Amino acid sequence: MGSYYVVERKYIGPNLDQDQYIDADTIEIWTKPATMVGSREPCTDGFCGSRNDWSITAHGNFATLEAARAALQTLFEPVRDSDPQGSPFEAMDEDVVEIYKPGRYEP
């Protein structure tokens with residue numbers, strides 16, 4: 001099993017039109033696998049469930065960070081790794097190595 005995991009987090013709640021949820025979805029590279037909602041079993045590929053209006057989908061495990069980045073680009077291109085001011089997206093969890101946002105930013 002690889003040591004890097006590509007995980008997609010999407011807001012699926014009822015407030016999609018509120019400013020705080022516009023452009024909230026992320027694609028992240030983690031150092032541990034996502035877990036299935038409910039069972040907490042590791043999930044490395046496919047839908048892992050949803051919790052608190054967020055869905056989690058795993059997109060594979062990779063031996064290197066470079067391989068995870070390449071897969072992320074293939075699966076989700078185009079992606080962004082920084083906000084409009086050029087600051088990288090910051091992770092709140094120590095297991096998250098990098099955060100990307102899907103698509104091009106459109107205010």
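User: Where is Pro78 found, and how should I read the name of that place?

Analyst: Pro78 is found in the loop between α1 (65-76) and β7 (79-80), where helices (H or I, at least four residues) and strands (E, at least two) are DSSP runs numbered from the N terminus. The model is a predicted one, in which local features need pLDDT of at least 70 and side-chain atom pairs count only at pLDDT 80 or more, while totals for chains, interfaces and linings use all residues. Residues are numbered from 1 along each chain as its sequence is written, and side-chain values use heavy atoms, with hydrogens and water left out.

User: Which residues does the cis peptide bond join?

Analyst: Most peptide bonds are trans, and most residues other than glycine have a negative phi. Here a cis peptide bond links Glu77 to Pro78, with omega at about 0 degrees.

User: You mentioned phi; what is the value for Asp23, and how exposed is this residue?

Analyst: Asp23, which is not a glycine, has a positive phi near 65 degrees, and its place is the loop between β1 and β2. Its relative accessibility is 27%, so Asp23 counts as partly exposed, given that buried means under 20% relative accessible area, exposed over 50% and partly exposed in between (1.4 Å probe, protein chains only). Arg40 also has a positive phi, about 65 degrees, without being a glycine. This residue lies in the loop between β3 and β4 (42-43), and because its relative accessibility is 53%, Arg40 counts as exposed.

User: How many aromatic pairs are there?

Analyst: Rings of Phe, Tyr and Trp (its six-membered ring) pair if their centres lie within 6.5 Å, with planes under 30 degrees apart called stacked, over 60 edge-to-face and the rest tilted. The count by this rule is 2 aromatic pairs. In one of them, Tyr11 and Tyr21 are stacked, at 3.8 Å centre to centre and with 10 degrees between the planes. That pair links distant parts of the chain, since Tyr11 is in strand β1 (residues 4-11) and Tyr21 in the loop between β1 and β2 (26-30), 10 residues apart.

User: Is Tyr11 buried or exposed, and how do the rings of Tyr11 and Trp54 meet?

Analyst: Tyr11 has 5% relative accessibility and therefore counts as buried. The ring centres of Tyr11 and Trp54 are 5.4 Å apart and the planes stand at 70 degrees, so this pair is edge-to-face. Because Tyr11 lies in strand β1 and Trp54 in strand β6 (residues 54-62), the pair ties together parts that are 43 residues apart in sequence. Trp54 is buried, as is Tyr11, and Tyr11, Tyr21 and Trp54 form one aromatic cluster.

User: Which charged end sits over the ring of Trp54?

Analyst: A charge sits over a ring if NZ of Lys or CZ of Arg is within 6 Å of the ring centre and within 35 degrees of the ring normal. The charged end of Arg9 takes this position over the ring of Trp54, 4.9 Å from its centre. Elsewhere, Lys101 lies over the face of Phe89, at 5.2 Å from the ring centre.

User: Finally, how many disulfides does the structure hold?

Analyst: A disulfide is a pair of cysteine sulfur atoms within 2.5 Å, and the structure holds 0 disulfides. Two cysteines can still be placed by their accessibility: Cys43 counts as buried because its relative accessibility is 6%, and Cys48 counts as buried because its value is 2%.
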